[in-house]
Amino acid sequence: MNLHQFRFVQEAVRRNLNLTEAAKALHTSQPGVSKAIIELEEELGVDIFARHGKRLKRVTEPGEHVLQSVAIIMREVGNLKRIGEQFSAQDSGTLSIATTHTQARYVLPHAVAKLRSSYPKVHISLHQATPHEVARMVLDEQAEIGMATESLADYPDLVTLPCYEWEHVLVVPPSHPLATKERIGLDDLAIEPLITYHPSFTGRNKIDAAFAVRQLHPRVVLEAIDSDVIKTYVRLGLGVGIVAEMAMREDPGVDLVARPLGHLFGQSVARVAFKRGAYLRNFVYKFAETLSDRLSRDLIIRAMQGQPSDYSL
């Protein structure tokens, strides 16, 4: 058996048992992938996949155990590569970060700049994606660290740690009646045309849940994944905006004002994620420490070793 066979089996599962798509992703031929999988099954003496004709239909029970072992082997192969990179070039390499737009635009710039100052030979590869895609990129080792508010804590193969707490804010022109209202309620927002995040981004589920509890039906006239887009349409008069507070920290506040909404939608927690069991290079720890003074190297190591210490914020 060999690593090529392991990669082919993993990719077949990732591509929903479609060997043609798996072959494309691996830049090889479909018959070659099929042959390698069959040879592995023959060597192991078990069927990894149940078939209908030449098509893979499902993963068998022994196949599930094989896949678990393959995942461990491939993870450790990745770790070996990173160990080699770490000790052959202590202060250089690539740090791949998967994150959402809000984190990339408003939270990460200072941390990235600080890391570049400490490690000028480190190349930063920043991937902006949905929270689910962020999790998948870390699991598939396309990124060493992920950062998002939603989804990350839902994956058992990810080690996730809380980074910081934030709340939503209302964004309106200074002339809008809600700009000076002493305490904004859900009833006030329910009658306004709302511009806010797409349901899978930046705590939108908390907004929807708050209205649902009160049996209110807000008028969401525009959804976006980008806080700057939301603010742009508020400036155009299409409605009032609900964004993450980070998106207004550096806003000069001349044509838009922010009002806190934490009393309505609660607090959200941004989290960082690492693949469980992965080997982290020195500058990965350094980057995490710049994100939050709570994310110490020792804490991350304990969590990666199976001793998570999830602290309160």
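Start by selecting Asn 18 and Thr 20: at the start of α2, a side-chain oxygen of Asn 18 comes to within 3.0 Å of the backbone nitrogen of Thr 20. Helices here are DSSP runs (H or I, at least four residues) and strands likewise (E, at least two), numbered from the N terminus. You are looking at a predicted model, where local features need pLDDT of at least 70, side-chain atom pairs count only at pLDDT 80 or more, and totals for chains, interfaces and linings use all residues. Residues are numbered from 1 along each chain as its sequence is written, and side-chain values use heavy atoms, with hydrogens and water left out.

Now show all of α2, residues 19-26, and pick out Leu 19, Ala 22 and Ala 23, which are buried (under 20% relative accessible area, 1.4 Å probe, protein chains only). They sit on the same side of α2, because they cover an arc of only 100° around the axis, taken from the directions from the helix axis to the C-beta atoms. Their cover includes α1, α3 (30-44) and β2 (55-59), counting contacts as heavy atoms within 4.5 Å.

Next, go to Val 9 in helix α1 (residues 3-14). Is Val 9 buried or exposed? Val 9 counts as buried because its relative accessibility is 0%. Leaving out residues up to four places away in sequence, Val 9 touches Ile 37, Leu 40, Ile 48, Phe 49 and Leu 67. Val 9 and Ile 48 are 39 residues apart in sequence, yet 8.6 Å apart C-alpha to C-alpha.

Technical notes. Buried < 20%, exposed > 50% of the residue type's maximum accessible area, 1.4 Å probe, protein only. Polar contact = N/O pair within 3.5 Å; in protein donor to acceptor, adjacent residues only side chain to side chain.
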